[in-house]
Amino acid sequence: MTNQPAAHDRRIVVGVDGSPGSRTALHWAIGQAEQTGATVEAIGAWQDPVTGGSVIGWAPMIYTGDSIVALIEKALADTVADVTAQHATTIDVITRVMPGHPAKVLLDAANGAELLVVGSRGHGTFAGILLGSVSQHCVQHAPCPVVVVPSRVHAEKAAS
């Protein structure tokens with residue numbers, strides 16, 4: 001018996017929450033998958049809120065787990081549809097919405113993956129060197145290599 005690491009599957013896990021940073025990360029992950037033949041697994045995470053929310057002009061409302069899941073599923077599906085439409089590709093993008101803190105959900109999903117891709121916060125000059133809490137946690141604890149994609153990467157590519 002040898003002490004070789006377990007083989008990774010051909011899967012790139014990417015965290016998608018609909019933010020510009022996660023959209024950029026999804027663009028990058030799809031581009032990487034095109035080069036490597038991997039499958040992209042876009043993950044959305046949710047947690048039950050502690051408090052209710054309200055919409056301006058509407059009465060306050062309490063969000064239930066089911067309504068949060070529906071919102072996250074829609075945001076994930078819309079983001080994936082929009083981003084994949086910008087790629088002439090046959091790469092499979094699988095979507096999953098899972099309960100839990102985003103960092104934990106992404107780390108669990110990354111088990112056995114060849115790569116975990118997350119977006120960074122889009123802060124300016126000095127703050128730009130800092131990672132967001134989810135990306136920082138993923139970098140420190142991931143079971144596979146992690147790529148943190150700065151938000152400006154896709155914007156610069158689109159401008160050129």
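How many of the residues of strand E1 are buried? The report below begins with the basis of the model and then answers this.

## Basis of the model

This is a predicted model, in which local features need pLDDT of at least 70 and side-chain atom pairs count only at pLDDT 80 or more, whereas totals for chains, interfaces and linings use all residues. Residues are numbered from 1 along each chain as its sequence is written, and side-chain values use heavy atoms, with hydrogens and water left out.

Helices (H or I, at least four residues) and strands (E, at least two) are DSSP runs, numbered from the N terminus. Buried stands for under 20% relative accessible area, exposed for over 50%, and partly exposed for what lies in between (1.4 Å probe, protein chains only).

## Strand E1

E1 is mostly covered, with 5 of its 5 residues buried. Burial extends to both faces of the strand: Arg-11, Val-13 and Gly-15 lie on one side, and Ile-12 and Val-14 on the other. From E1 the chain crosses through H1 to E2, and this β-α-β crossover is right-handed; that is, with the strands pointing away from the viewer, the path from the first strand over the helix to the second runs clockwise.

Strands E1 (residues 11-15) and E2 (residues 39-46) run parallel and are joined by 5 bridges. Two strands count as paired if DSSP finds at least two bridges between them. Val-13 stands opposite Glu-41 in E2, while Val-14 has Ala-42 as its bridge partner in that strand. E1 also pairs with E4 in the parallel sense, over 3 bridges, and there the bridge partner of Val-14 is Val-117.

## The sheet as a whole

The open sheet is formed by 5 strands in the order E3-E2-E1-E4-E5, with parallel pairing. Strand E3 (93-99) and strand E5 (146-149) stand at the edges; each has a single partner strand, so one side of each is left without a neighbour in the sheet. On average, neighbouring strands of this sheet are turned by 25° against each other, direction ignored. For such angles, axes are lines fitted to C-alpha atoms, for helices over the stretch in contact, and angles run from 0 to 180 degrees between N-to-C directions.

## Helices

Pro-20 is found in helix H1 (residues 20-36) and counts as exposed because its relative accessibility is 61%. The C-alpha atoms of Pro-20 and Ser-120 are separated by 9.3 Å, although the two residues are 100 residues apart along the chain. Thr-79, in helix H2 (residues 65-85), counts as buried because its relative accessibility is 6%. Leaving aside neighbours within four places in sequence, Thr-79 is in contact (heavy atoms within 4.5 Å) with Val-16, Gly-18, Arg-23 and Leu-26.

In helix H3 (residues 102-109), the buried residues are Ala-103, Val-105, Leu-106, Leu-107 and Ala-109. Their cover includes E1, E2, E3, strand E4 (115-119) and helix H4 (133-141).

## Confidence

The predictor's confidence in each residue is given as pLDDT, from 0 to 100. The chain averages a pLDDT of 80, and 71% of the residues score at least 70. Among the elements of the chain, E1 has the highest mean pLDDT (97) and helix H5 (residues 152-159) the lowest (50). Over residues 51-55 the pLDDT is below 50, and this stretch has 8 contacts in the model beyond near neighbours in sequence. Residues 122-129 also stay under 50, with 2 contacts beyond four places in sequence. Where pLDDT is low, the predicted coordinates should not be read in detail.
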